[in-house]
Amino acid sequence: MKKQTKNNLITYAIVIAAYIILEILMLTGNLSSHMKGLLVPMTYYAIIAVALNLCVGILGELSIGHCGFMCIGAFTSAFFSRATSESLPAAPRFIIALLIGIASAALFGFLIGIPVLRLKGDYLAIVTLAFGEIIKNVINAFYVGIDAKGLHFSMKSAMELNMDGGDTIVNGAMGITGTPHDANFTIGIVLLLISLFVVQNLVNSRDGRAIMAIRDNYIAAEATGINVTSYKMMAFTISAAIAGAAGVLFSHNITTLTASSQYFGYNASIMILVYVVLGGIGNIRGSVIAACILYLLPELLRGFSTYRMLIYSIVLIVMMIVNWSPKVIEWRKRTFGRIGAGRRKAA
Amino acid sequence: MSFLTYLINGLSLGSIYAIIALGYTMVYGIAKMLNFAHGDFIMVGCYIIFSVSAALSGNSVVGIIVAIILCTLLGVTTEFVAYRPLRGAASPLAVLITAIGVSYLLENIALLIYGADIKSFSSVVKWEGLSFADGQLKIQGVTIVTIVVSVVILVVLQLFINKTRQGQAMLAASEDKGAATLMGINVNRTIALTFAIGSSLAAVAGALLCSAYPSLSPYTGAMPGIKAFVAAVLGGIGSIPGAMIGGLVLGIVEILSKTYISSQLADAIVFGILVVVLLVKPTGILGKQIQEKV
């Protein structure tokens, strides 16, 4: 068996083992209801961490607007589920909603990628942030209703929809209320496994190597005949699509979906970046583990939650300096000799 | 008349953005890094003024001076502890993520000390302002002070950069760090000086921002900070007059779109401008085109 295949299988095994353990705990009644409520969020945070790691670690471009794609996936799928909540049974409804969420997040990823990927580094980061905020603000001012005549849109208020009777589905800043609870832990784990499968196979493929070549030296990559733009677009769109899947889970796990800063603002995006950095940039398995632990830990240790973000931010700074500072790297090499030098360079 | 009032409000907000953008643009011009924490320096400045004024029963002048000194120290310390070790790192993402970490750290320290609730900030400008055309056109004191202060800062900074040795050293370091070092310029010290100036400007901007919009929370600085970066990019990053122009344009656009289009979409419009600028003219209004060498 190839080393990479083995490595991938270990990741799936960890996820499946965690799933089995948690399911057994749940069946034997050892899990509190508070803990049960954390399981689905844990899976969607792991999924979006994988998506962001594809963008930051593999593609090498910092996106701080990934929650915007999650927001798109959440709203489009919730809109569909809410509109068809009475006419379709749960299973096909969720599958179609999932596909709609992923497709629309991918579409937005593609459209946003066209301008964004022309930029590099800091500019790219700030523009992804800008797009994330634009998505959030526009959704907050968006009204959609349905009645006998069809769909009505407005950017002003629910009154402007001019409906006779009917049903206001997207109600501006109040969001979408009454999305059916179609998501559960098993679906979350299945989606996580699928995203891992997609990303890990991409990384080990010819396309993945091209993407990493662009990350390491884009001039050299271009000179060897790699189509830089199309590979960047590919990675970015896939990353957005996976973030959209996380959004579908998100919206089908809560009753009231609003485009609030808490979940979709840039602070939320930075939170996911923390997961990715602490799990190891470019290390897909690390992202999943870091997302799960960092999400569960503060929720379980209540007293710790005040200091959670403080500690995360300090850890973030220290990690970056220890891993990236030229002087620290040199010092590590000198002090630890081959151990320091032989360590696989993360991203 | 009301249009004129909005325009003046826009100018005032734009002047604040311009002062913040000056800090961004100088640091970016020389250190080639986006100091994501710059917006949070503003918030720190506001809290210092708030605390000192409360301790001295409303004496905000001392508060501003203390805030400028402490923010300068904060900027230099941050540069020394967090950013300097990462200069020359293999990936440009390293320093950017560190800056995000610093921004988070400052916000959370403020959250621990002052709590999440919004504090009401009493204006540092006590002057009522001017009134024209039988009270139809009122200009608040803080608006006038903001515009005047920003113009003064712009002129002083331009003189400093173009007429003093330290300013010339900054220009040289921003052009080519290696060559500047060979000419005997201490590049590290020059970058530290830039951070000092940028951070002290952040304190001034904080005083003006919170006087005009008197609500103070740990997240006060984040959004204006990002918008000021948009302003710096719009004007052409690295250019001091560009930051001023960018800031004013952005402030006016924001106030006018809040008034005439939709208050919810104003931010989206501001960020939309950034996207358009970067697509049409990535170097901004006054920026220089830099060729990439292999």
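Residues are numbered from 1 along each chain as its sequence is written, while chains are lettered from A and ligands numbered from 1 in the order in which they are written. Because the model is predicted, local features need pLDDT of at least 70 and side-chain atom pairs count only at pLDDT 80 or more, whereas totals for chains, interfaces and linings use all residues.

**View 1. The largest nonpolar core, with A:Val50 among its most connected members.**
The largest nonpolar core holds 204 residues, of which A:Ile47, A:Ile48, A:Ala49, A:Val50, A:Ala246 and B:Val230 touch the most other members. Helix H2 of chain A, residues 33–58, gives the most to this core, with 16 residues. Such a core is a set of buried Ala, Val, Leu, Ile, Met, Phe, Trp, Tyr and Cys residues joined through C-beta atoms within 7 Å. A residue is buried if 20 or more other C-beta atoms lie within 10 Å of its own, exposed if 12 or fewer, and partly exposed in between, with C-beta atoms placed from the backbone. Helices (H or I, at least four residues) and strands (E, at least two) are DSSP runs numbered from the N terminus. Not counting residues up to four places away in sequence, A:Val50 touches A:Ser195, A:Leu196, A:Val199, A:Ile242, A:Ile284, A:Ser287 and A:Val288, where two residues are in contact if their C-beta atoms, placed from the backbone, lie within 7 Å.

**View 2. An open sheet of 3 strands in chain A.**
The strands of this sheet follow the order S2-S1-S3, with antiparallel pairing; two strands pair if DSSP finds at least two bridges between them. Strand S2 (150–154) and strand S3 (167–171) of chain A are the edge strands, each pairing on one side only. From one strand to the next, the twist averages 20 degrees. Helix H3 of chain A, residues 66–83, packs on the sheet, where it touches S1 and S3 of chain A, and its direction makes about 165 degrees with that of S3(A). For such values, axes are lines fitted to C-alpha atoms, for helices over the stretch in contact, and angles run from 0 to 180 degrees between N-to-C directions.

**View 3. Strand S1 of chain A and its partners S2(A) and S3(A).**
Strand S1 of chain A, residues 143–147, is joined to S3(A) by 4 bridges, and the two run antiparallel. A:Tyr143 stands opposite A:Asn171 in S3(A), and the bridge partner of A:Val144 in S3(A) is A:Val170. Towards S2(A), which is also antiparallel to S1(A), there are 5 bridges, and here A:Val144 stands opposite A:Phe153. S1(A) and S2(A) form a hairpin with 2 residues between them.

**View 4. Packing of helices H3(A) and H5(A).**
These helices pack at an angle of about 30 degrees, with their axes 8 Å apart. H3(A) and H5(A) are therefore roughly parallel to each other, since angles under 35 degrees count as roughly parallel, over 145 as roughly antiparallel, 65 to 115 as roughly perpendicular and the rest as oblique. H3(A) contributes A:Cys67, A:Gly68, A:Cys71, A:Ile72 and A:Phe75 to the contact, and H5(A) contributes A:Phe131, A:Gly132, A:Ile135, A:Lys136 and A:Ile139. By class, this contact has 7 nonpolar, 2 polar and 1 charged residues; Ala, Val, Leu, Ile, Met, Phe, Trp, Tyr, Cys and Pro count as nonpolar, Asp, Glu, Lys and Arg as charged, and the others, Gly among them, as polar.

**View 5. The contact between chain A and chain B.**
On the side of chain A that touches chain B, helix H5 (121–140), helix H11 (266–279), helix H13 (305–324) and helix H14 (326–336) of chain A each supply at least two residues. H5(A) gives the most to that side, with 13 residues. The residues of the side of chain A that touches chain B comprise 27 nonpolar, 6 polar and 3 charged.

**View 6. A:Ile321 in helix H13 of chain A.**
A:Ile321 counts as buried, because it has 22 C-beta neighbours inside 10 Å. Leaving aside its neighbours within four places in sequence, A:Ile321 is in contact with A:Val328, B:Pro85, B:Leu86 and B:Thr98.

**View 7. B:Lys32 in the loop between helix H1 (2–31) and helix H2 (38–55) of chain B.**
Although B:Lys32 is not a glycine, it has a positive phi of about 55 degrees. B:Lys32 counts as partly exposed, because it has 17 C-beta neighbours inside 10 Å.
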